[in-house]
Amino acid sequence: MTASAPSRFPHRHILGIEGMSPVEIGTLLDLAEGYIDVSTRKEKLGTLHGRTVMNLFFEDSTRTRTSFELAALRLGADVINMAVANSSVKKGETLIDTALTLHAMHPDVLIIRHPNSGAPHLLAQKLGCSVINAGDGSHEHPTQALLDALTIRRRKGTIAGLTVAICGDVAHSRVARSNIHLLQTMGARVRVVGPPTLMPPAIDRFGVEVFHDMKKGLTGCDIVMMLRLQLERMDGAFVPSLREYSHFYGLDHEMLAAAKPDALVMHPGPLNRGIEISTEVADEIDRSLILQQVEYGVATRMACLEAVVATLAEAGK
Ligand code: NCD
């Protein structure tokens with residue numbers, strides 16, 4: 001990291017995108033950009049040598065957990081993965097007790113994914129280490145929005161001035177929330193597209209354009225970001241049937257034709273092929289950025305780890 005970088009990201013925690021400034025977001029994206037080649041070459045650096053990173057995942061994850069682990073290993077940190085399924089959480093231990101127990105082993109960074117919104121914020125208040133939010137309920141998923149922004153910036157050259165449609169289950173999506181904050185902060189126009197039942201009640205306060213007709217919502221868009229139906233967060237039926245949902249809101253080539261001819265397709269994964277996205281669109285090499293997003297996830301998480309540890313080091317920790 002350059003000498004000026006830590007003070008441009010003067011935070012010990014990354015809990016959400018809301019409230020981050022364009023300079024802070026830009027600093028993390030620039031750092032991540034510098035790690036793309038390192039990550040592709042599978043180089044191992046010593047930046048986090050002597051530091052311990054703990055992954056604490058209370059919800060399933062494929063991409064986020066493995067990419068945080070790889071990112072920490074590539075920076076030379078010691079990494080512990082706590083599989084909550086095999087832990088004392090199953091014996092009734094509270095989040096705070098679990099976290100305090102782990103904290104007694106002196107981690108420098110705790111990465112947490114939790115079904116409750118605000119869980120990482122609670123830990124950040126109670127613990128002396130850095131905390132990175134790897135997804136809290138339907139609230140925020142800041143590193144996903146950062147890797148999405150890096151993917152867009154590298155492919156389109158800029159984020160400012162683009163029109164981005166975030167489509168599907170916006171109500172239950174932490175990815176949507178973090179992306180709305182980030183994309184607007186960086187000067188993009190954001191639309192949300194989906195049935196009224198899958199829009200958060202306070203959507204008017206997000207400053208986005210709301211569309212319930214998919215084709216209208218996609219017209220003139222540069223980026224089409226699809227979301228999974230988060231069935232695990234729904235207590236009841238939010239759509240009449242998956243078939244009907246897919247008919248009106250699924251992205252296939254015919255639907256994508258409404259967007260700009262050079263529009264690109266994104267999805268944070270995991271995909272539900274044939275529901276929110278067709279296999280043909282998901283696998284279209286020229287237009288689908290889905291695997292690129294996964295690849296840039298490692299570089300982005302390297303940047304986030306480096307930035308918070310630099311702030312710890314500046315504080316003499
Ligand atoms: C997302 C998540 O867990 O919030 N996935 C991810 O982190 N790549 C989106 C989802 O689960 O649909």
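1. In this predicted model, four strands form an open sheet in the order β2-β1-β3-β4, and their pairing is parallel. The edge positions are taken by β2 (78–83) and β4 (130–136), each of which has a single partner strand, so that one side of each is left without a neighbour in the sheet. Averaged over this sheet, and with direction ignored, neighbouring strands are turned by 15° against each other.

2. Some backbone geometry deserves a check by eye, because most residues other than glycine have a negative phi, and most peptide bonds are trans. Lys42, in the loop between α2 (22–40) and β1 (52–57), has a positive phi, near 60°. With a relative accessibility of 65%, Lys42 counts as exposed, because the cut-off for that class is over 50%.

3. A positive phi near 60° is also found at His106, which lies in the loop that runs between α4 (95–103) and β3 (109–114). The relative accessibility of His106 is 62%, and this residue therefore counts as exposed.

4. The peptide bond between Gly269 and Pro270 is cis, with an omega of about -5°. Pro270 belongs to the loop between β9 (264–266) and α11 (279–282).

Key. Residues are numbered from 1 along each chain as its sequence is written. This is a predicted model: local features need pLDDT of at least 70, side-chain atom pairs count only at pLDDT 80 or more; totals for chains, interfaces and linings use all residues. Side-chain values use heavy atoms; hydrogens and water are left out. Helices (H or I, at least four residues) and strands (E, at least two) are DSSP runs, numbered from the N terminus. Buried means under 20% relative accessible area, exposed over 50%, partly exposed in between (1.4 Å probe, protein chains only). Two strands pair if DSSP finds at least two bridges between them. Axes are lines fitted to C-alpha atoms, for helices over the stretch in contact, and angles run from 0 to 180 degrees between N-to-C directions.
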